[in-house]
Amino acid sequence: MGDLQSLAFKGSSGRRRSGGVWVAFAALAAVLCLPLAAHAQDEQFRNQGGISSPLLSRCAGKFGAEVREADNAFPLLTLMGMPWMTIDRTDQTVDGAHIVATVTGIGARNRRRGEVVGLRFRCLINDKGEAVDFTYNDLQTLRGEELPAALILRGQATYRPKAQLAPGAELRVQLFDDATTPPTLLTESVARSSWVNPIPFGLRLPPDMKLQGRKLVLDARLSLGAATLYRLKQLQALDPDHMQRSIEVTVDAVSGGGAVN
């Protein structure tokens with residue numbers, strides 16, 4: 001199939017998105033029917049590879065920085081992208097920052113005792129494309145608070161050669177249906193960890209999504225901003241009949257610390 005990032009994508013809603021390096025604000029405008037102003041050519045909103053919108057990565061970075069400040073050896077945090085993430089345009093000033101977009105969605109964080117806690121988040125994006133505020137609420141199961149129903153895929157990614165990851169490195173995992181032209185992005189997640197190898201990851205699929213007849217392939221990479229550090233050598237095929245099995249992937253170092261592929 002070749003490199004998925006070089007193709008045109010369509011999301012789970014069926015909308016096509018131009019592949020390669022594209023502008024996240026263009027995607028915002030397509031969804032929200034917004035005019036494309038000066039920001040249309042802004043480098044800060046360009047796709048970074050392995051992720052549907054760089055805004056998700058910016059939000060994960062803000063979350064990770066705050067968690068790291070409280071615990072420099074935090075185990076793991078995860079934010080879900082499409083189809084669990086919503087990006088809404090806004091025009092407001094918060095603490096002196098001009099906010100142009102609000103990102104909301106779900107995720108999870110691991111505690112040191114091994115407990116995984118679901119969460120809902122809100123992230124504010126300023127006119128420079130920066131995440132300036134990240135707030136989240138842990139879901140309280142005793143109060144009946146739960147993440148949306150989903151088919152959950154679990155796995156882990158081993159990166160080699162093993163090395164100390166720089167602060168800000170993140171694992172990006174995407175699941176595609178390669179039976180369509182262009183391939184359809186079904187779900188994705190971004191995970192950050194301070195020290196774990198292999199890095200656990202999770203993906204969530206809507207419970208009513210039919211998988212039979214689909215050609216499922218997984219892409220995974222470790223990235224630092226726009227640079228790809230480690231990546232799967234080949235997309236990994238998944239069997240729709242065995243989605244409950246743990247997914248094991250190995251990502252290898254990219255020569256030169258990697259431009260976006």
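Which residue of β14 stands opposite valine 217? In this predicted model, that place goes to alanine 237.

Strand β12 itself spans residues 216-224, and eight of its nine residues are buried, so the rest of the structure largely encloses the strand. Its pairings go like this. With β9 (residues 170-177), β12 runs antiparallel, and eight bridges join the two. With β14 (residues 236-238), the arrangement is again antiparallel, this time over three bridges. Then there is β13 (residues 227-231), which pairs with β12 in the antiparallel sense through four bridges. Here arginine 221 stands opposite arginine 231 in β13. The β12 and β13 strands form a hairpin with two residues between them, and glycine 225 takes a positive phi near 65 degrees there.

On to the aromatic rings. A pair of such rings is described by how far apart the centres are and by the angle of the planes. The structure holds five aromatic pairs. One of them joins phenylalanine 63 and phenylalanine 134, a stacked pair at 4.6 Å centre to centre with 10 degrees between the planes. Phenylalanine 63 belongs to helix α2 (residues 54-70) and phenylalanine 134 to strand β7 (residues 131-138), so this contact ties together parts that sit 71 residues apart in sequence.

Phenylalanine 121 lies in strand β6 (residues 116-126) and phenylalanine 134 in β7, so the pair links parts that are 13 residues apart in sequence. Like phenylalanine 134, phenylalanine 121 is buried. Put together with Tyr136, the residues Phe63, Phe121 and Phe134 make up one aromatic cluster.

The charged end of arginine 204 sits over the ring of tryptophan 84, at 5.8 Å from the ring centre.

Technical notes:
Residues numbered from 1 in each chain as written. Predicted model: local features only at pLDDT ≥ 70, side-chain atom pairs only at ≥ 80, totals over all residues. Heavy atoms only, no water. Phe/Tyr/Trp six-rings, centres within 6.5 Å; stacked < 30°, edge-to-face > 60°. Buried < 20%, exposed > 50% of the residue type's maximum accessible area, 1.4 Å probe, protein only. Lys NZ or Arg CZ within 6 Å of the ring centre and 35° of its normal. Pairing = 2+ DSSP bridges.
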